[in-house]
Amino acid sequence: MTEKDFSTGRYSRFVILPSIGVEGMKKIRKARVSIVGAGGLGSVTATQLTALGVGYLRLFDKDVVELSNLQRQMLYREKDVGKPKVDAAKEFLENLNPDVEIEVIQEEISVNNVELATDNVDFVIDALDKFTPRFAINKKCLEKDLPFLFGAVSGLTGNAMTVVRGSTCIECLFGHVDDNKLPSSTITGIHPSIIQLIGSLQIAEATRLMLKEDPLLTNRLLFIDIGSMNFDSIEVKSKNNCSNAKYH
Ligand SMILES: [Zn+2]
């Protein structure tokens, strides 16, 4: 693809941004990214990354599409109900932008297979709804010196933070969390607007990372409540008893 293609074609409205430019777009076209989870946050982040022309995207989810997903998971259509999410997502994303290499893996990431998400990528985007795999990815990313873009949503609220070496991590932030004691979206419900907000913030941070710029949400948690329209930024300090403390 020539510089002219970047300036006049598919990516022209992005390339014209002073913060992107042709050189930035070249970096984005070479970027390699994992998204763990193809639910609400995965729908937003995968769609935006594919549309803006990331080089390579690896997407994980073990589930099949259910009718109750369609209210917020915009990778899917009614015809996809019953199909593996990753297969429907791959079809949607390849139709959106054939420039992007899409790899999908129908697996749940755990401490035993976490390297599937971290091998041969530049960074990992969190689109999970459980803390156990999130902690495993957080730790592996710190070990491998890869950024990890944490995001979580529930009900009308959501939060986001970026973990890199030298900053605090989500184990410092949350300590131990027992997934079995957390209410699922079947109980709390979920508003599509909070998913779009948090996923979009993750992609704004991802863009900085693809451009090789420092992320902005390190050592602070962005908390959004669309029930009160409060957007808060909370300073987060590293903890000495964190199992990842040697990386902070
Ligand atoms: Zn930590």
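**Close-up views of an open sheet and its packed helices**

View 1. Eight strands build an open sheet with mixed pairing, in the order 3-2-1-4-5-6-7-8. Strand 3 (101–105) and strand 8 (230–235) stand at the edges with a single partner strand each, so one side of each has no neighbour in the sheet. On average, neighbouring strands are turned by 15 degrees against each other, direction ignored. Strands pair here if DSSP finds at least two bridges between them. Helices (H or I, at least four residues) and strands (E, at least two) are DSSP runs, numbered from the N terminus. This is a predicted model: local features need pLDDT of at least 70, side-chain atom pairs count only at pLDDT 80 or more, and totals for chains, interfaces and linings use all residues. Residues are numbered from 1 along each chain as its sequence is written.

**View 2. Strands 2 and 3.** Strand 2 (residues 56–60) pairs with strand 3 in the parallel sense, over five bridges. L57 stands opposite I102 in strand 3.

**View 3. Two helices on the sheet.** Helix 4 (residues 40–51) packs on the sheet and touches strand 1 (32–36), strand 2, strand 4 (123–126) and strand 5 (148–154). The direction of helix 4 makes about 165 degrees with that of strand 2. Helix 10 (residues 192–210) also packs on the sheet, touching strand 1, strand 4, strand 5, strand 6 (157–163) and strand 7 (220–225). The direction of helix 10 makes about 175 degrees with that of strand 5. Axes are lines fitted to C-alpha atoms, for helices over the stretch in contact; angles run from 0 to 180 degrees between N-to-C directions. Residues are in contact if their C-beta atoms, placed from the backbone, lie within 7 Å.

**View 4. Helix 4 against helix 10.** These two helices pack at an angle of about 45 degrees, with their axes 8 Å apart. Helix 4 and helix 10 are therefore oblique to each other. (Under 35 degrees counts as roughly parallel, over 145 as roughly antiparallel, 65 to 115 as roughly perpendicular, and the rest as oblique.) Helix 4 contributes G40, L41, V44, T45, Q48 and L49 to the contact. From helix 10 come I195, Q196, I198, G199, S200, Q202, I203 and A206.

**View 5. Helix 4 against helix 5.** Helix 4 and helix 5 (residues 85–96) pack at about 30 degrees, with axes 9 Å apart. They are therefore roughly parallel to each other. A46, T47, T50 and A51 of helix 4 meet A89, L93 and L96 of helix 5.

**View 6. The whole chain.** The chain holds ten helices and eight strands. Its C-alpha atoms fill a box of roughly 50 × 40 × 40 Å, taken along the principal axes.
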